[in-house]
Amino acid sequence: MVTDAHKVAQPLEVRHFIGGEFVDSLDGKTFDSLTPIDNSVVAHVAEGSAADADRAVAAAKGAFDRWSTMSPAARKKILHAVADGLEARLEEIAAWETRDMGKPLADSRTKDVPRAAYNFRFFADYADLAGLHAYDKPWEGSFGYELREPIGVAAAISPWNFPLMLLTWKVAPALAFGCTVVAKPAEQSPVTASLLAEVCRDAGMPDGVFNVVQGFGPDAAGEALTRNPDVAAVTFTGESATGKAIMGAAAGTLKKLSFELGGKSPAVVCADADLDAAVDGALLGVFLNQGEVCLAGTRIIVQRPVYDEFCARMVDRLAQWKVGNPFDDGVRVGPLVSQEHLDKVLGYIELAEEEGAKRLIGGSRLTDGDLALGNYLEPTIFADTHNGMRVCREEIFGPVATVMPFDEIDDAITMANDSPYGLAGMVWTQNLNTAHRLARSIKTGNVWVNCFFVRDLRLPFGGYKESGVGREGGEYSYEFFTESKAVVMKLS
């Protein structure tokens, strides 16, 4: 037991990182960052204004020529040093990731920070090896080829659910392909972006190449980044409504946009599935990271012959998941990120019962001992649901699963696609034909068959419908963070 490990002797002072220096806000404003573990203050954070965002963009613009004209191999050396720095400070960074947003320390330590380091290694290597296209037309006496040039200053606006991992998913390719970056982390989880800035500085990254502006979005630093004419591209992960607002703000300067937005992903369980694997996968797909996952397979669609058995097995296994202080050994579900978010999720649980869903397990706030100080919620499963319910249509973003039956595969396809979202989907079956049919028919940007959250960074990542705009990963990030130029030469 390490229940008090989340506590700090005194709150950390978190400032902006602009032009290679940690600086206060121009107006001196700050805000308090609370840990969801017990809602105590763990950091005093600079609150960025439009003026702070603008000076960060100016620093990034000033560093662009130097960074963009470095060879990919030279940038690669620095980015690998960043990865080394993240790994060297793994325990410190993992503790702050957990302290900031409540995820189990075991996940921060074994998944989030290692993956952040890998993001830098992958894109550093990819940029060094990326090729270009050439088109020869000797019968016309011409030869054409493609050039790729870094687009300029990129704004990376990241969410609070995977603060470091999703920030590096944006920052690493932008830097690898020669852009300079202004990052704006979520106000609920500001610390690890600041620690990343320290690591970049210590790795020898030139001043101004990577900048961090802390603070809020609307009418503040975040919105200013989306409107600044010197920002060439915005990559954003967050709510669909926020994505729409950013799109409107960015329209005046015709920026490139890449959005990964909300989700209400289906997990289709066929009667021939390995039920043990499907139950474990479905539980992970909903309750990983307290259910605060945009990809979460919260709509579990189960074929009727195994519906009752599947629900019973889910309940039995979920009852074994330990909820508590995320610094404690064996905890699989920590607190929700804020009291406000906890209240929102509790509201959806009440709504589900009003709509006639059958609660199988969970649904109550945990208030035993020190848990009363934090934002703890029992993981919850509702059965006998349908897509007409709001809890099956709206993104809850918490540890709440809905289960609904289906008869034929065509029914499952219709039910899976009956959603305004299209970010991810899961399929559980041992029939190869069924697997291919469902993977092709479910209208989402990502489909996992007999697994969940397995990522190959070469593959495209993004969503259909209200789940996003564009794709990132591998060549897709290469395309987003660069401009293509066609060169045609006349040959005699």
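Predicted model: local features only at pLDDT ≥ 70, side-chain atom pairs only at ≥ 80, totals over all residues.

Residues are numbered from 1 along each chain as its sequence is written, and side-chain values use heavy atoms, without hydrogens or water.

**Domain**

An unreviewed UniProt entry lists residues 23–487 as "domain: Aldehyde dehydrogenase"; such annotations may be inferred rather than shown by experiment. The span is 39% helix and 22% strand, and its end C-alpha atoms lie 44 Å apart. Helices (H or I, at least four residues) and strands (E, at least two) are DSSP runs, numbered from the N terminus.

**Pockets**

A pocket is an open set of points on a 1 Å grid where a 1.4 Å probe fits, with protein on both sides within 12 Å along at least five of seven lines; lining residues have an atom within 4 Å of a point. Volume is the space filled by probe spheres set on the points, which are joined across faces, edges and corners.

| Pocket | Volume | Lining by class |
|---|---|---|
| Largest | About 1200 Å³ | 20 nonpolar, 16 polar, 11 charged residues |

Ala, Val, Leu, Ile, Met, Phe, Trp, Tyr, Cys and Pro count as nonpolar, Asp, Glu, Lys and Arg as charged, and the others, Gly among them, as polar.

The largest pocket has 47 lining residues, with W160, E187, Q188, E239 and T242 closest to its centre. β4 (30–34), α7 (221–227), β11 (231–237), α8 (240–250) and α11 (339–354) each give two or more residues to that lining. α8 provides the largest share, seven residues.

Twenty residues line the second largest pocket; R115, F162, M165, F453 and R455 lie nearest its centre. α4 (105–129) and α5 (163–176) each supply at least two lining residues. The largest share, seven residues, is from α4.

**Cores**

A nonpolar core joins buried Ala, Val, Leu, Ile, Met, Phe, Trp, Tyr and Cys residues through side-chain atoms within 4.5 Å. Buried means under 20% relative accessible area (1.4 Å probe, protein chains only).

The largest core has 112 residues, and L86, F120, M205, F210, I300 and F310 have the most contacts inside it. α5 gives the most to this core, 10 residues. Beyond neighbours within four places in sequence, F310 is in contact (heavy atoms within 4.5 Å) with V269, L275, A278, V279, A282, I300 and V302. A second, separate core of 29 residues includes L346, A357, I396 and F406.

Methods
Buried < 20%, exposed > 50% of the residue type's maximum accessible area, 1.4 Å probe, protein only.
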